[in-house]
Amino acid sequence: MKRVETVIALPLLVAAGGCGEPSARIPTYHEDVAPILAANCASCHRPGAIASFPLLTYEDAAPWASAIATATAQRTMPPFSMDNSGACNTFVEARWLDDAEIATIGAWAAAGAPAGDATKAPPEPTFSPAGLDRVDMTIDMGLTYHPNEQVEDDYRCFIIDPGLTEDRFITAFDVKPGEARQVHHLTLFALDSPDAEEAAATLDAEEPGPGYTCYGDVRVPDARWLVGWGPGESALFFPEGTGLRMKAGHKTVLQMHYNKENGVFPDRSTIDLRLAESVPHEAVINRIADTDLRLPPRQPAHSESEEVTIPPYIDSVTLWGLWPHMHTMGTKLRVTANHRGEEMCLAQVNRWNFHWQGFSHYTKPITLTGGDSMRITCSYDTMGRDTVTTWGEGTYDEMCIAFFFMTEQE
Ligand code: HEC
């Protein structure tokens, strides 16, 4: 990245051809840029968090001005996989700058990153996110894990027995990463059957040390998604009246993704859960996936699709959110529905990044009816491959899935 060596103060830019419109001011750090960085970047770009450099002060941000302008213009920062522009829904967890904010940052960087008037600076951001109103259970790795230093990204799965004697429903959760500098994301899955538990136990026994390696997914058939978290996220409350079942007498698997960019530290992460004995609308996680992938090599943009129809006996299905998933050759993903003959966009990923994925909840849930169809389309860049790539959970396999958090009325 380029460093800004001199900070040039330019005269005010007057909007050309304006008919009495006020002049377009050159944005300055304190007045225009600092509030954007405080609200959208500082949760990760501060000491002790996941990003390796802070963006809290002018001295922090100025040397990065052009890198910030590029990353925001390309929408690689802040990292968020879903298109949140409004063209295809909006999401509660969105990390998203609007076009005007991106333009402000771009104009600021182009003008040489002027500091401006420090008295107009916003207060330094504080981070004391609201936790849960009540903690009924804490999911704990039960040990301190030392991530593998040999790999850039260590994906490790730990089998945890929550010890439930009766079914309960997760209605909210709050993740406490042990080492926020290296926990890139974590996901908790339910193992609902003895077969699933046995498969996980076998994987665990096959590898030395605690847990087992689990790149991509947890490598156990029928593992059911329960909780997902990424850097900077605070407590998440499931939609009112909904919850995800945890079955009595069954174990869970916690998938940890450690990234060593900031170093390798011993970690013991925990998840606080708010539980209910029952919920008015039990939510389920259903996936739409294209498992017949056959991706030819040396293609810059190869797409595959799969369509499913919602059974006619289902009265309606409410979609509350989703988690799109591909591996590293994925570039774009789109999910649409045909609702009573009309095409609807459910989710659009414009720049897939395997490194940054997670669950996102709709700002406005979407209701479909029995007989509607849903279609997933995944695009891949296979230029780096010499052979056909197929579906699978290995590093060199691919996937094409959208997991939906939904409730059904029959
Ligand atoms: C969710 C956490 C998170 C948020 C929010 C975030 N960043 Fe980052 N950022 C990172 C991490 C981690 C890296 C290190 C590289 C990586 O892992 O992708 C990074 C890297 C960068 C880089 C280095 C170059 C690059 O593109 O990789 C720039 C510049 C940057 N961030 C700017 C920003 C700006 C500006 C914002 C807010 C508008 C922002 N980031 C918000 C986590 C975050």
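**Iron, helices and strands: a first look**

Author: Welcome! This is a predicted model, and its chain holds 5 helices and 20 strands.

Reader: Which residues coordinate the iron atom of the ligand?

Author: The residues are H45, through NE2, and M77, through SD, at 2.0 to 2.3 Å. Both atoms count as donors because the cut-off is 2.8 Å.

Reader: What makes the arrangement around the iron atom octahedral?

Author: There are 6 donor atoms, and the angles they subtend at the iron atom run from 87 to 179°. Six donors count as octahedral if opposite ones are over 155 degrees apart and all others between 65 and 115; the arrangement here is therefore octahedral. For comparison, ideal angles for six octahedral donors are 90 or 180 degrees.

Reader: Which parts of the chain does the pair H45 and M77 tie together?

Author: H45 sits in the loop between α1 (29–40) and α2 (58–61), while M77 sits in the loop between α3 (65–73) and α4 (99–110). The pair therefore ties together parts that are 32 residues apart in sequence.

Reader: Why does H45 count as buried?

Author: Its relative accessibility is 9%, and buried means under 20%, so H45 counts as buried.

Reader: And why is M77 called partly exposed?

Author: M77 has 31% relative accessibility. Partly exposed lies between the buried limit of 20% and the exposed limit of 50%, so M77 counts as partly exposed.

Reader: Which residues of α3 are buried?

Author: They are A65, A67, I68, A69, A71 and T72. The cover over the buried residues of α3 includes α2 and α4. Just after α3 comes R75, with a positive phi of about 60°.

Reader: How do you know that the chain agrees with a compact globule?

Author: For 410 residues, a compact globule would have a radius of gyration near 22 Å; the chain has 23 Å, so the two agree. Buried residues make up 48% of the chain. Of the contacts between residues at least 6 apart in sequence, 82% join residues at least 24 apart.

Reader: What is the strand order in the open sheet of 5 strands?

Author: The order is β5-β2-β9-β4-β6, with antiparallel pairing.

Reader: Why are β5 and β6 called edge strands?

Author: β5 (212–213) and β6 (223–229) each pair on one side only. A pair needs at least two bridges, and β2 (residues 153–160) and β5 have 2, so they count as paired. In that pair, C157 stands opposite Y212 in β5.

Conventions:
Residues are numbered from 1 along each chain as its sequence is written. This is a predicted model: local features need pLDDT of at least 70, side-chain atom pairs count only at pLDDT 80 or more; totals for chains, interfaces and linings use all residues. Side-chain values use heavy atoms; hydrogens and water are left out. Donors are N, O and S atoms within 2.8 Å of the metal (3.2 Å for Na, K and Ca); water is not among the atoms, so sites may look incomplete. Four donors count as tetrahedral if all angles lie between 85 and 135 degrees; four count as square planar and six as octahedral if opposite donors are over 155 degrees apart and all others between 65 and 115; anything else is irregular. Helices (H or I, at least four residues) and strands (E, at least two) are DSSP runs, numbered from the N terminus. Buried means under 20% relative accessible area, exposed over 50%, partly exposed in between (1.4 Å probe, protein chains only). The radius of gyration is taken over C-alpha atoms; the globule rule is 2.2 Å times the number of residues to the power 0.38. Contact means heavy atoms within 4.5 Å.
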